[in-house]
Amino acid sequence: EKENGEGMYTLQHEDFTMKALKRLEFEHDLRKAVEQDEFELFYQPQYDIQNNKLVGVEALIRWFHPKHGMVSPAEFIPLAEETGLIVPIGEWVLRTACLQNKAWQTAGYEKLSVSVNLSLRQFQKHSLIGDIVKILKETGLDPSYLELEITESMAMDNVERVINKLNELKDLGIQISMDDFGTGYSSLQYLRKLPLHKLKIDQSFIRGINEDHDNAAIVTTIIAMANHLRMEVVAEGVETIQDLQFLLQQNCQHAQGYYFSKPLPAGQFERILLKKEPL
Ligand code: C2E
Ligand code: CA
Ligand code: CA
Ligand code: CA
């Protein structure tokens with residue numbers, strides 16, 4: 001301890017200070033990003049693989065930092081969540097996704113549903129329902145073309161409250177899906193009570209599904225269970241033709257992943273909207 005203790009301490013201390021400073025700068029930049037419109041939504045297609053049809057699109061946020069370039073949401077969403085900045089950001093995402101989807105519909109493209117990821121704070125906000133109703137009104141998007149993605153950890157809060165909130169959304173005609181399904185700790189008993197339309201099987205189970213027998217068994221089981229509970233299934237992270245073939249054989253209805261397309265800026269996504277037969 002004595003030999004290298006002090007040195008270590010200094011190092012760790014500096015490291016800690018650097019991290020704290022970086023974080024502070026990052027938070028400052030994120031605050032500015034909200035005001036200066038540095039966000040953009042990218043769109044990733046979702047397919048009905050059994051019928052070879054484009055059915056939906058997931059909106060995924062990107063931050064174009066003036067100095068550091070594109071920052072991944074995996075990096076800034078947690079900070080946005082901690083600082084509360086997720087509230088204005090999340091509202092911007094909802095409004096932008098609804099506006100864009102309405103614009104595509106008005107332009108005459110076949111109607112799709114747009115999925116928006118909700119954060120914990122957004123989901124817990126008392127005004128959530130009112131905010132969404134307002135955005136739907138302002139943008140003119142029919143609620144049946146909006147889908148909200150929640151995660152198991154969000155649904156763990158207070159059972160009654162979560163069920164009530166989801167039912168209110170459902171009554172508006174909005175679809176609800178459980179994102180990253182299989183990675184959380186919620187019991188099936190609990191899940192069964194939630195008014196969900198879809199389970200999105202987490203990509204960690206899909207990758208290399210042909211070689212990994214455990215993953216294959218898990219995915220097969222989730223699909224069977226969802227069928228029983230009359231929920232739809234979306235397989236996420238489909239990267240290869242082998243992944244797709246496995247899912248087709250298992251009667252999985254929907255899929256999303258790099259095999260079809262990476263998330264794209266709205267302008268480029270329109271090329272996908274023009275393709276009638278994706279597979
Ligand atoms: P997610 O909701 O699970 O989104 C799927 C992520 O997987 C996206 O990463 C997508 O680009 C990526 N992905 C899609 N297909 C494939 C594939 O075949 N292979 C691989 N390796 N990856 C694939 P992205 O866009 O970086 O987003 C990361 C996470 O950040 C999202 O995970 C979501 O939790 C969060 N996020 C993104 N946009 C928003 C947003 O607008 N609001 C909130 N609250 N969270 C968001
Ligand atoms: Ca998602
Ligand atoms: Ca996911
Ligand atoms: Ca996720």
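1. The axes of H5 and helix H7 (residues 159-171) come within 10 Å and cross at roughly 15°. Axes here are lines fitted to C-alpha atoms, for helices over the stretch in contact, and angles run from 0 to 180 degrees between N-to-C directions. H5 and H7 are therefore roughly parallel to each other (angles under 35 degrees count as such). This is a predicted model: local features need pLDDT of at least 70, side-chain atom pairs count only at pLDDT 80 or more, and totals for chains, interfaces and linings use all residues.

2. H5 passes H7 in a right-handed crossing (the near helix is turned clockwise from the far one by less than a right angle). Leu128, Ile129 and Ile132 in H5 meet Lys165, Glu168 and Leu169 in H7, with contact meaning heavy atoms within 4.5 Å. By class, this contact has four nonpolar, no polar and two charged residues. Ala, Val, Leu, Ile, Met, Phe, Trp, Tyr, Cys and Pro count as nonpolar, Asp, Glu, Lys and Arg as charged, and the others, Gly among them, as polar.

3. On to H3 and H5. Helix H3 (residues 86-106) packs with helix H5 (residues 128-139) at an angle of about 30°, and their axes are 9 Å apart. Helices are DSSP runs (H or I, at least four residues), numbered from the N terminus. H3 and H5 are therefore roughly parallel to each other, and H3 passes H5 in a right-handed crossing.

4. From H3, Glu91, Leu94, Arg95, Cys98, Leu99 and Lys102 meet Asp131, Ile132, Lys134, Ile135, Leu136, Glu138 and Thr139 of H5. The class count is six nonpolar, one polar and six charged residues. Residues are numbered from 1 along each chain as its sequence is written, and side-chain values use heavy atoms, with hydrogens and water left out.

Key: Chains lettered and ligands numbered in written order. Helix = DSSP H or I, 4+ residues; strand = E, 2+ residues; numbered from the N terminus. Parallel < 35°, antiparallel > 145°, perpendicular 65-115°, else oblique.
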